[in-house]
Amino acid sequence: MNPTVERYLERAVSGVAVSDRADAARELRGAIEDDVHDRMDAGLTEDAAVTTVLEDFGDPLDIAARYRSTPLGLISSARYSAWRTLVRLLLGIVVPLVAGTILIIEIDQGASSPDCCGRSPSRSWKPWCT
């Protein structure tokens with residue numbers, strides 16, 4: 001099978017219980033293969049057919065949510081992939097902003113009132129500073 005399809009299947013079944021993964025992968029693989037063959041019979045190349053079919057199937061995390069037997073907690077399985085994407089995006093933005101702000105404040109405080117060693121007074125006192 002196409003490596004793109006295999007990567008899609010791996011991602012789709014990664015959130016499924018280990019005991020159900022083989023069945024879920026087999027079922028999805030069969031459905032994808034059938035759709036790809038139908039698209040190829042309609043005149044598409046294999047790569048174009050695979051791309052179209054996987055786009056139609058949607059996000060593999062949403063596919064995995066359909067196979068889960070237990071809920072994911074406070075976030076419904078239908079909204080989990082969107083929540084996960086949002087959290088990753090926010091962590092990628094908020095953490096660097098906070099770290100940069102703290103760094104700028106520390107640099108500014110250090111430049112405005114250095115001690116005898118050129119360090120900010122908020123830092124620990126070093127006995128060799130005389």
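Reader: Which backbone nitrogen does a side-chain oxygen of Asp-59 reach at the start of α4?

Author: A polar contact is a pair of N or O atoms within 3.5 Å; within protein, one must be able to donate a hydrogen and the other to accept it, and residues adjacent in sequence count only if both atoms are side-chain atoms. Here the oxygen of Asp-59 comes to within 3.0 Å of the backbone nitrogen of Leu-61. The model is predicted: local features need pLDDT of at least 70, side-chain atom pairs count only at pLDDT 80 or more, and totals for chains, interfaces and linings use all residues. Residues are numbered from 1 along each chain as its sequence is written, and side-chain values use heavy atoms, with hydrogens and water left out.

Reader: Which residues of α4 are buried?

Author: Buried means under 20% relative accessible area (1.4 Å probe, protein chains only), exposed over 50%, partly exposed in between. Helices are DSSP runs of H or I, at least four residues, numbered from the N terminus. In α4, residues 60–67, the buried ones are Pro-60, Leu-61, Ile-63, Ala-64 and Ala-65.

Reader: What does Ser-81 touch, leaving out residues up to four places away in sequence?

Author: Contact means heavy atoms within 4.5 Å. Ser-81, in helix α5 (residues 80–112), touches Asp-59, Leu-61 and Asp-62. Ser-81 has a relative accessible area of 7%, so it is buried.

Reader: At what angle do α1 and α3 pack?

Author: Axes are lines fitted to C-alpha atoms, for helices over the stretch in contact, and angles run from 0 to 180 degrees between N-to-C directions. Helix α1 (residues 3–13) and helix α3 (residues 46–57) pack at about 15°, their axes 10 Å apart. Thr-4, Val-5 and Tyr-8 of α1 meet Val-50, Leu-54 and Phe-57 of α3.

Definitions and conventions
Helix = DSSP H or I, 4+ residues; strand = E, 2+ residues; numbered from the N terminus.
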